[in-house]
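Please view the sequence and the model together while reading.

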Amino acid sequence: MTEAWRPEDDEERRGASGPVRVRVPAKVNLHLGVGPLRRDGYHELNTVYHAISIYDELTARRGDTLTLTMEGEGTGELALDDSNLVIRAAHALAGYAGVMPHARLHLRKQIPLAGGLAGGSADAAAALVACDALWGTGLSRDELAGIAADLGSDVPFLIHGGTALGTGRGEAVSPVLARPTSWHWVVAIADGGLSTPEAYRELDRLRDTGAAGPPLGSTDALLGALRQRDPRVLAPTLGNDLQDAALAMRPTLAATLKAGEAAGALAGIVSGSGPTCVFLTADAADAERVAAELEAAGVCRQARTTHGPVHGARIT
């Protein structure tokens, strides 16, 4: 996996006396193949995750109880109680390690809520890494990923980062081995979010009525394109089975995708369950130009340039 985690970078073998700050990226799905609904209520997935340079930051300090405060994206909209994935992650780690779940946690959020970029999952991953260091539980990345799998399908990937293949419901993650390459993206952020469970239900409905496109096939073409390190080769291999559902739920996304391609992006897809759209560009300069044209066209709330792959949740 690109930019592999180095245990010596952390303080994980002892409890931290001062604050622990963890930076965690957003993710996009370069390939999101959605299979049939399983007996456990999840869909079988075959996906390629890619961590990009839009970050949330979680700071953990010593405390007598477990509390969470926040600033940035979603302030006033996101519940900070036991329903929040950050709090759930801290409780899960404490239960696994046999420690008291005491910490003062503060989240600085840049990843949009319900945007298809796994912001909540990213924050859960950050909480596991931060509290592991704060409490001195000394768990390996694989152990943290095991806890993460019970919190959400995307959380294990965001422990590791880079580019990885996800199977099962997405929680079984294996690194994609490719020569280091920096891919340049534009992320078009929409007003408001979309519910991931509703997007899956909408896809099921579209498939039942024959209104969905054909399911994506194997990831082989995309994985081969990643090894070639050429964005023009990668562009036609990007795909997302949930895009039909996102467009049905938010028809204005079609204009966003069209505007990005008109601006010269090599490819554009809906990220995850949407409504964020991501565009692959030839280089950093092209990304800046495409982002400016998207904002000028008024088809998104904000267009950000970004790159990947990057590390997963990491102490700074």
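The model is a predicted one.

**Strand β1 and its partners**

Strand β2, residues 43–61, pairs with β1 in the antiparallel sense over 15 bridges. Within this pairing, L32 has T47 of β2 as its bridge partner. Five residues separate the two strands of the hairpin, and G41 of this hairpin has a positive phi near 95°.

With β12 it forms two bridges in the antiparallel sense, and R23 stands opposite R314 of β12. With strand β8, residues 239–240, the pairing is parallel and also comprises two bridges. Here G239 of β8 is the bridge partner of H31.

In soluble globular proteins, nonpolar side chains tend to be buried together. The largest nonpolar core of this model has 72 residues, and the residues with the most contacts inside it are L58, L105, L128, L226, L234 and L238. Helix α2 gives the most to this core, contributing twelve residues. Both domain 1 (20–176) and domain 2 (183–308) supply at least three residues each to this core. Leaving aside residues up to four places away in sequence, L128 touches A89, L93, L144, I147, A148, L151 and I159.

Helix α9 spans residues 253–262 and contains L253. Is L253 buried or exposed? Its relative accessible area is 3%, below the 20% limit, and L253 therefore counts as buried. Apart from residues up to four places away in sequence, L253 touches A246, L247, V270, P275 and C277. In sequence, L253 and C277 are 24 residues apart, while their C-alpha atoms are 7.7 Å apart in space.

**Backbone details**

Most residues other than glycine have a negative phi, and most peptide bonds are trans. Several places in this model depart from that pattern, as the following paragraphs describe.

| Cis peptide bond | Omega |
|---|---|
| G274 to P275 | about 10° |
| G308 to P309 | near 5° |

P275 lies in the loop between β9 (267–270) and β10 (277–281). This proline is also one of the residues that L253 touches. P309 is found in the loop between β11 (302–308) and β12 (314–315).

Two alanines have a positive phi: the value is near 50° for A114 and near 60° for A118. A114 is placed in the loop between β4 (103–109) and α2 (119–135), and A118 likewise lies in the loop between β4 and α2. Which of the words buried, exposed or partly exposed describes A114? With a relative accessible area of 44%, A114 is partly exposed. A118, by contrast, is buried, as its relative accessible area is 12%.

Methods
Residues numbered from 1 in each chain as written. Predicted model: local features only at pLDDT ≥ 70, side-chain atom pairs only at ≥ 80, totals over all residues. Heavy atoms only, no water. Helix = DSSP H or I, 4+ residues; strand = E, 2+ residues; numbered from the N terminus. Buried < 20%, exposed > 50% of the residue type's maximum accessible area, 1.4 Å probe, protein only. Pairing = 2+ DSSP bridges. Contact = heavy atoms within 4.5 Å. Core = buried A, V, L, I, M, F, W, Y, C linked by side-chain atoms within 4.5 Å. Domains from an automatic or database assignment.
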